[in-house]
Amino acid sequence: MALLEVEDMVLSFSGLEVIRKLGFSVETGTIASLIGPNGAGKTSVFNCLTGFYRPDSGQITFNKRSIRRLKPHKITQAGMARTFQNLRLFKSMTVLENVMSGMHCRTSVGAMGAVFHTQSQRREEELIRLVSEECLSFVGLLDKKDRHAGNLPYGDQRRVEWARALATKPKLLLLDEPAAGLNHDEKQELIELILHIRNELGITILLIEHDMGLVMKVSEKITVIDYGKKIAEGSAEEVQNNPKVIEAYLGSEDEAL
Amino acid sequence: MNTSSNTSMVANIANWLQHQHNRLVVLLVMAALAMFFPLIANNYMLEVLTNAWFYTILCLGLNIVVGYAGLLDLGYAAFFAVGAYTTGILTSQFGVNFWLTIPAAVFCSMVAGIIIGGPTLRLRSDYLAIVTLGFGEIVRIIARNLEITGGASGLIGIDRPYFFGIELSQGIHFYYVFLILAIIACFVSYRLQNSRLGRAWQYVREDEDAAEAMGINRVGVKLYAYVIGAMFGGVAGAFFAVKMTAISPETFTFSQSVLILLGVVLGGMGKIPGVIIGAFALVLFPEVFRDLGSMRMLVFAIVMLVIMLYRPEGIWPRGKS
Amino acid sequence: MSTTDIILQQLANGLIMGSFYAMVALGYTMVYGIIKLLNFAHGDLYMVGGFVGFLILSAISSLLGESWTAIVCSMVLSMLAVGMLGVIIQRVAYRPMLTAPRLSILITALAVSMILSNGVMTITDGEYMAFNTDLGFDGLDFGNVFISYTQLALVISASVLMVILYLFVNKTLYGKAMRAIAIDQDACKLMGINVNKIIALTFFIGSSLAAAAGVMAGVYYGSLHFSMGFVIGLKAFTAAVIGGIGSIPGAMLGGLLLGLLEAFGTQIPFIGSEWKDVFSFGLLILLLILKPTGILGKTEIERM
């Protein structure tokens with residue numbers, strides 16, 4: 001069953017079509033990848049899925065529900081979480097506070113509860129802390145929970161973003177270039193973490209990535225786009241041997257000198 | 001001279017204050033001082049300090065908007081005006097008991113907050129600043145031109161309230177009224193700051209997009225801050241009306257809004273003790289330097305510029321990181 | 001007066017007010033375009049410009065009399081002085097804040113605005129200053145529509161200044177650098193453009209245009225007051241938003257439109273003059289909510 005289904009999605013910026021009639025789907029419980037050369041429109045697709053851009057037309061169905069017109073926070077509430085290509089942490093706050101942000105949409109106490117410290121408020125605060133710490137220990141950062149997020153090394157900051165996304169209790173996790181800026185060892189850890197999240201937590205994963213080695217290793221299905229259009233789809237092997245994909249990445253023979 | 005030793009002393013005190021126990025001691029000593037102050041003070045001192053507590057409430061209210069949620073509101077005096085006029089009109093023209101007008105004042109300022117905040121909080125921060133400025137002026141001009149608000153001369157002869165049979169009319173009465181209100185304002189601010197909502201404000205202030213991606217309703221959370229800030233202003237306004245027994249549109253000018261903002265910026269945006277110090281500085285400074293006269297606002301503006309350039313976190317030191 | 005006469009008269013009034021608004025709006029829009037700063041102090045520079053022009057005119061009137069030559073001289077000198085003031089403000093107050101959070105730089109701009117208006121208030125004791133000229137009240141009389149030579153001269157000089165600005169921005173290398181910085185400051189640094197110098201230049205031009213408008217306002221109204229920058233600042237900002245903030249032709253167009261709108265707005269019954277500012281501010285608020293990009297502004301990518 002498809003958890004996410006995109007049909008005929010079109011997005012244009014002042015007349016220029018960035019995404020053209022794109023359609024693809026992500027099956028529940030799989031790890032899927034969206035790849036393509038620079039400027040192919042990958043991040044734009046993510047922004048459409050998460051509600052940051054509103055596509056001109058097309059359908060986006062998530063968990064049997066149309067989400068095309070929803071605001072970003074509603075989409076997160078519906079169970080789709082994301083990370084950002086360039087880290088977007090709340091830098092002056094602690095690691096734990098960062099992760100607690102993910103639990104915001106799963107809790108509800110408002111101003112009254114906060115002022116009077118009602119029982120439900122105290123219970124909820126406890127729950128937020130508990131879940132956040134669980135998420136941190138899952139990515140292996142529990143011992144750094146009281147550090148300021150902005151002071152952590154780059155690799156750790158990425159993990160904070162992951163923990164934060166996990167704290168929203170997503171069904172689908174969108175990872176925007178998770179391997180960017182990581183060294184070889186860190187990439188190996190990343191692959192394990194991705195598999196771990198899917199296998200242990202049962203979260204479906206869709207990632208955008210430039211590192212082909214990583215994509216080929218973890219993905220069960222790969223969608224290749226170029227100029228906002230889907231040009232190939234299939235398993236790692238199928239995609240690797242597809243002439244259209246090779247052309248998109250290396251240029252056609254006529255262009256090559 | 002020895003500014004460096006001064007700042008390190010301040011830092012030491014701040015460090016010392018980080019301990020819960022020490023903080024409690026300081027808090028109790030300060031509360032006792034505030035409580036027993038009227039026993040030794042003369043009328044003039046009492047009046048000045050009452051005013052300081054009054055500004056503490058207003059500054060704490062604006063602090064929720066500016067300090068917590070990071071929204072620049074240049075028309076905060078409007079909410080203060082709505083509270084004051086609601087109470088003024090209801091008591092003087094409809095004979096409603098003062099205590100019953102408080103919920104009405106809170107309600108009206110909340111509605112004002114929703115009306116202006118609802119459509120505008122999705123705007124860019126600088127546009128929001130201009131919109132709030134325009135809104136502040138609109139409220140003042142309306143108050144000046146309507147009959148029910150007493151036109152340019154305002155409302156006079158607002159009755160003093162009774163509290164268990166005692167007419168609240170003396171300086172000492174209002175000293176305690178505003179002291180209690182200020183304590184409540186501190187308590188509410190503190191609780192909000194350390195709550196789910198308080199964190200949400202901080203997330204939105206730091207990075208709106210990331211906050212939204214985490215499932216936080218950006219506009220809703222800002223509106224919350226705006227409306228709670230408006231309520232603080234409304235309550236302060238209601239009590240202001242009965243303390244002064246007269247209100248006029250010229251109390252609620254743009255300068256008033258800027259003054260309250262200065263109190264927040266001066267002490268340190270988002271920090272409760274800082275905001276209290278800011279409010280006191282606002283009131284005490286012109287009393288101490290009386291010769292300044294009309295140059296008061298000029299000096300304040302220069303102070304504000306210097307603070308922003310050299311110490312944007314305000315007088316109150318940052319907590320340890 | 002016939003309806004046509006009223007329309008023509010209001011058209012003339014609207015164009016005159018509109019050229020004031022346009023000149024001040026230009027400074028807002030140029031500064032906003034280049035460093036994305038809403039310069040609250042801009043309206044106050046207009047006010048300071050008026051006072052500086054007045055001082056210079058009083059000083060040189062013994063030599064030149066209070067004639068057109070003297071007025072033009074004092075306007076040019078005031079433009080230079082206030083232009084420099086704008087550069088100093090940019091250098092001292094805004095440049096250190098460019099990387100700070102948006103809230104901080106807005107508060108800084110507010111502080112600068114308060115310093116200028118309260119500074120002038122202190123110097124003038126909050127009094128009105130009479131701006132005397134011996135221009136007289138002659139003018140062109142078209143039956144029921146009257147346009148004084150002063151008004152005519154104001155519109156003409158405003159147009160000349162705006163044409164010069166337009167040519168400067170579109171035809172010179174400096175103008176090209178300005179437009180480039182507005183698009184991508186970092187790329188400009190890499191291309192060897194002296195970004196700080198161009199930003200300073202932008203402040204200079206914007207401030208001197210405001211000063212020119214301030215001197216014109218002094219000549220037109222015959223008096224000056226420290227608070228005159230506040231309302232015109234708001235209105236010029238409205239004009240800049242109408243035209244699309246960041247767009248230079250937009251500011252000119254927005255200024256003229258707002259001037260006309262106000263001139264005809266006062267003709268609407270039920271809206272007494274005491275409600276005039278409510279009308280303008282209400283318009284501003286509605287505009288910001290409904291069409292924040294204005295007429296000629298670039299539409300940003302729709303970000304939900």
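Me: Axes are lines fitted to C-alpha atoms, for helices over the stretch in contact, and angles run from 0 to 180 degrees between N-to-C directions. So at what angle do the axes of H11(B) and H12(B) cross?

Reply: Ground rules first. This is a predicted model, where local features need pLDDT of at least 70, side-chain atom pairs count only at pLDDT 80 or more, and totals for chains, interfaces and linings use all residues. Residues are numbered from 1 along each chain as its sequence is written, while chains are lettered from A and ligands numbered from 1 in the order in which they are written. Now, H11(B) (residues 254-267) and H12(B) (residues 272-288) cross at roughly 130 degrees, and their axes come within 7 Å. Helices here are DSSP runs of H or I, at least four residues, numbered from the N terminus.

Me: What makes H11(B) oblique to H12(B)?

Reply: Under 35 degrees is roughly parallel, over 145 roughly antiparallel, 65 to 115 roughly perpendicular, and the rest oblique. The crossing is at roughly 130 degrees, so H11(B) counts as oblique to H12(B).

Me: And which residues of H11(B) make the contact?

Reply: Leu259(B), Leu262(B), Gly263(B), Val264(B), Leu266(B) and Gly267(B). On H12(B), the partners include Gly274(B), Ile277(B) and Leu282(B). Contact means C-beta atoms, placed from the backbone, within 7 Å.

Me: How do the residues of that contact divide by class?

Reply: 10 nonpolar, four polar and no charged. Nonpolar covers Ala, Val, Leu, Ile, Met, Phe, Trp, Tyr, Cys and Pro; Asp, Glu, Lys and Arg are charged; the others, Gly among them, are polar.

Me: Is H9(C) mostly covered or mostly open?

Reply: Mostly covered, with 14 of its 16 residues buried (buried: 20 or more other C-beta atoms within 10 Å of its own). Just after the helix, Gly244(C) takes a positive phi of about 110 degrees.

Me: How many residues of chain B are in contact with chain C?

Reply: 31, against 33 residues of chain C. H6(B) gives the largest share of chain B's side, 13 residues. That side has 23 nonpolar, six polar and two charged residues.

Me: And which helix gives the largest share of the side of chain B that touches chain A?

Reply: H8(B), with seven residues. The contact takes 24 residues from chain B and 29 from chain A. By class, chain B's side there has 12 nonpolar, five polar and seven charged residues.

Notes. Two residues are in contact if their C-beta atoms, placed from the backbone, lie within 7 Å. Helices (H or I, at least four residues) and strands (E, at least two) are DSSP runs, numbered from the N terminus. A residue is buried if 20 or more other C-beta atoms lie within 10 Å of its own, exposed if 12 or fewer, and partly exposed in between; C-beta atoms are placed from the backbone.
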